[in-house]
Amino acid sequence: MSYSRGRLRISLNQVSTVVFFGALLVLLLLAFILGRQSGLAAASADPGEVRSGLDQGATTQPHVTPHPGPEPTSQGVRLSEMVPDDYSRPKGLQYLVIQDLVWTRQEAEDIKGFLYSHGINATIERMGRTRTYRIRDTKGFQSDRSEEAKEYKAQIERLGKEYRRRGRYDFVGAWFKPEL
């Protein structure tokens, strides 16, 4: 590197170039991970709007029908009232992964309780390689491209904006995963 007459000159050999681009790749990866965790879309939503959206329509496909859970108390919702985490989903349907990369079991249980208190049944899955948790819905859809599935995903994302006020997750990265 040299600076002369108001210009910065950078000269790189082959090894320096590989190191430079490797460091740049690591920085981009780190920015992606931090951006995903921070949930850039933390806009607030009207809780009434979220509730009214969840009350619309139900699918006739085989699944555990979401039912309104008890109102949350200061102690939280009891996990024994919810769908067990080893719930067996019918094969061939698409299920919404509501939140991925949840770092602790306690945070995962808090998300599951929040969803249950809003009429959404979900399970907590332990991810082996990353040692994180995944929150997955129990409501199945024939196609993730159906209008009903798209509306349901939008409703979950609106709920995520409400949850974002209490925690660091916001359900913005929700995606469908087939049960094979």
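Guide: The model is predicted, so local features need pLDDT of at least 70 and side-chain atom pairs pLDDT 80 or more, while totals for chains, interfaces and linings use all residues. Residues are numbered from 1 along each chain as its sequence is written, and side-chain values use heavy atoms, leaving out hydrogens and water.

Visitor: At what angle do the planes of Phe141 and Tyr152 lie?

Guide: Rings of Phe, Tyr and Trp (its six-membered ring) pair if their centres lie within 6.5 Å, and planes under 30 degrees apart count as stacked, over 60 as edge-to-face and the rest as tilted. By this rule there are six aromatic pairs. Among them, Phe141 and Tyr152 form a tilted pair, 5.5 Å centre to centre, with the planes at 50 degrees.

Visitor: Which strand holds Phe176, the partner of Phe141 in another pair?

Guide: The rings of Phe141 and Phe176 have centres 5.8 Å apart and planes at 90 degrees, so this pair is edge-to-face. Strands are DSSP runs of E with at least two residues, and helices runs of H or I with at least four, numbered from the N terminus. The pair ties together parts 35 residues apart in sequence, because Phe141 lies in strand β5 and Phe176 in strand β6.
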